[in-house]
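Here is a friendly tour for anyone opening this structure for the first time. Take a look at the sequence and the model, then read on.

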Amino acid sequence: MNNKMLTIFLMVIFFCCVYMPAKLMGETISPELNQALTKGNIASAMESCAETLYSTDDPTDFARINVIMSMLLFLNRNPDAVDRASTIRNFMVDPESPDENSAKAVLGYLGKQLSGKMLFEQMKQADPNWQATAFVARYIRILNELGLKPKILNQCIMQYMKIAETLQPDEWGNAWKERLILWHNSLQTKDGEIANFEPLICQVIEDELNGPIKEQLMTINTILNNMLQNRKHEVQRNIKKAFIDLGADKDKAENKPYITLLNYLSGKAINIKDVFQSTITQPDFFLMTTIAAFVKTLADTKPGDIYKSLLLSYLDNYETNMKNSTMESVLNWHPGLEKWKNWCSNDFPDSPSLKPLLRTHCKAFAIKNREELAKKATIKLYNKLKMVKSLSRVSMAEYKKVRAIFKDRPRPESMSFSSQSMQPYLRTLPSEVKQGEGRRLAYMNSFKKLMASNLSFSQYSGSIKMQKKTIKGKVTKADINFITIKSSHGTKKYKWGEIKPEQYIIFQESYINNNIGGKVRGKHNIFSSRSATDNVLTKEYRYLAIFCDWYGRYPEAIKFAKKADAFASSKGATRKLLLQ
């Protein structure tokens with residue numbers, strides 16, 4: 001046998017005896033999990049997934065089992081299913097692994113990070129097992145978000161079956177086949193028992209059986225939410241559309257509770273007792289009437305004329321009877337119920353988290369209104385000061401009034417003012433002042449670096465005001481993290497936060513007075529020309545002005561700003577920086 005024939009023979013042996021068995025083994029899952037997915041309930045399938053994850057260190061198994069587990073969580077209607085899919089996706093970090101890339105695509109789709117189109121675009125070159133799994137994921141997400149959509153769901157099943165025909169019976173992509181058939185039959189017959197009462201399937205069936213009532217309750221929900229937002233025109237538009245959608249069905253007896261509740265919310269002269277009487281035979285509408293009565297009472301009552309006991313009675317009625325409903329749109333009101341009850345019991349205190357309708361009844365609402373007017377007046381003054389040509393024309397009273405806008409300025413001990421850490425503060429500011437404050441923040445963020453550089457160049461000696469005491473010593477070294485001070489007690493490193501902010505001003509003034517325009521180690525001024533000296537002085541005084549302004553030392557801020565702008569090269573830049 002020549003070498004060429006021997007090579008071909010060995011390749012055939014490798015393919016048949018090594019490669020294909022390894023390939024098939026890599027495309028299967030444990031018999032226990034396969035059985036659980038095929039015939040078992042969700043609990044047994046999830047337990048089998050957990051056992052496999054616990055016992056394996058194979059990245060391929062990790063990818064596949066986590067995708068299966070995520071799909072089972074959706075079937076079990078787990079509220080964290082979407083978040084879990086997104087989180088697990090982040091653990092897929094090997095771009096060279098086809099399984100991890102496919103898992104990332106399916107998990108991204110389940111986690112609402114990818115659309116269906118993007119999912120299948122990424123699945124074009126994937127292993128058929130992953131392609132089949134992607135269609136099951138599509139089926140599950142459609143059920144979870146849209147409910148029973150026969151055309152889309154049937155397409156998913158057909159595509160899945162087409163791919164499944166190409167797979168071996170024990171390949172893992174085939175494990176969903178029997179379950180898909182059960183889901184299909186269960187949804188067609190509206191019988192949850194066929195699909196082993198899987199929560200997602202049962203919920204879809206329940207929604208289908210209660211479809212008209214569910215839509216009516218969602219409409220009432222929309223109307224009430226618009227009332228709580230004080231959107232009166234939207235409320236009337238919602239009610240008008242609801243009557244149009246009913247059409248001829250508005251005369252049907254089963255729609256009477258809905259019609260009565262709509263008429264009540266529209267403002268027709270209907271006694272709330274009659275609405276309760278009309279809805280008493282339908283628990284879902286009765287519960288919704290208790291919320292409607294609460295909201296409508298607030299909407300119809302002038303601030304100050306509100307009746308605490310009446311509002312509490314409506315909320316208590318809802319809480320007492322909520323056990324009679326399983327409708328999500330009805331039970332959605334329960335999480336906020338306790339907050340409303342506390343609001344009523346405590347004489348309607350104001351809170352930013354309250355809905356606008358409730359806030360109109362707060363005793364503190366008028367005060368809040370006055371604060372808003374004061375803020376507008378301050379912004380008006382702020383815009384006026386921006387236009388002045390000289391700081392001498394700005395009174396200290398006006399300056400302090402405008403600075404009230406920045407009363408919540410962060411002043412970290414570390415003197416670190418990075419853009420990222422300051423974003424929460426900037427978001428609280430009126431839009432008119434954000435840009436200017438952002439520029440001042442840039443100066444604050446580099447102030448410590450400038451000061452450290454100055455202190456390293458010209459070592460300060462004298463009294464140093466610490467947070468707890470004053471010491472006499474000499475600054476021998478400084479960087480953005482520590483300042484080293486030599487005193488009679490030895491040499492020690494201190495954090496910047498251990499020094500009082502007013503000492504920073506002393507450091508800077510000392511540096512300016514002793515080094516710019518003076519002598520340094522026996523040599524004359526270190527700058528080559530008068531204009532260079534002026535530019536440095538402008539910069540040093542500008543930093544001091546911004547620092548003093550930030551720390552509420554307004555007279556000093558104005559003083560240093562005037563010194564900075566005393567040089568022709570400044571052209572009033574420091575004034576503009578302070579007042580913009």
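Two strands count as paired if DSSP finds at least two bridges between them. Helices (H or I, at least four residues) and strands (E, at least two) are themselves DSSP runs, numbered from the N terminus. What you have here is a predicted model, where local features need pLDDT of at least 70 and side-chain atom pairs count only at pLDDT 80 or more, while totals for chains, interfaces and linings use all residues. Residues are numbered from 1 along each chain as its sequence is written, and side-chain values use heavy atoms, leaving out hydrogens and water.

Now to the strands. β3 (residues 482-487) and β4 (residues 490-495) run antiparallel and are joined by six bridges. They make a hairpin, with two residues between them. In this pairing, I483 has Y494 in β4 as its bridge partner. β1 (residues 461-465) and β2 (residues 470-478) are antiparallel as well, joined by five bridges, and form a hairpin with four residues between them. There, S463 faces K472 in β2.

## What sits inside

A nonpolar core is a set of buried Ala, Val, Leu, Ile, Met, Phe, Trp, Tyr and Cys residues joined through side-chain atoms within 4.5 Å. Buried means under 20% relative accessible area, exposed means over 50%, and partly exposed is in between (1.4 Å probe, protein chains only). The largest core here has 61 residues, and L455, I483, Y504, F507 and F547 have the most contacts inside it. Helix α26 (residues 530-550) gives the largest share of this core, nine residues. Apart from it there is another core of 57 residues, among them F135, A164, A175 and L180. As a general note, nonpolar side chains in soluble globular proteins tend to be buried together.

I512 counts as buried because its relative accessible area is 3%. Not counting residues up to four places away, I512 touches L537, E540, Y541 and L544. From I512 to L537 is 25 residues in sequence, but the C-alpha atoms are 7.4 Å apart in space.

## Rings and charges

Rings of Phe, Tyr and Trp (its six-membered ring) pair if their centres lie within 6.5 Å; planes under 30 degrees apart are stacked, over 60 edge-to-face, and the rest tilted. The structure holds 21 aromatic pairs. One of them is Y139 with W183, stacked at 5.6 Å centre to centre with 20 degrees between the planes. Y139 is in helix α8 (residues 128-146) and W183 in helix α10 (residues 177-189), so this pair ties together parts 44 residues apart in sequence. W183 also pairs with W176, this time tilted, at 6.3 Å and 50 degrees. Both W176 and W183 are buried. Elsewhere, Y443, F447, W496, Y504, Y543, F547 and Y551 form one aromatic cluster.

A charge sits over a ring if NZ of Lys or CZ of Arg is within 6 Å of the ring centre and within 35 degrees of the ring normal. R411 does this with Y551, 5.4 Å from the ring centre, and K493 with F482, at 5.3 Å.

## Two loop residues

Which loop holds N230? It is the one between α12 (211-228) and α13 (232-246). Phi of N230 is near 60 degrees, a positive value in a residue other than glycine. K112, in the loop between α6 (98-110) and α7 (116-122), likewise has a positive phi, near 65 degrees.

Methods: Contact means heavy atoms within 4.5 Å.
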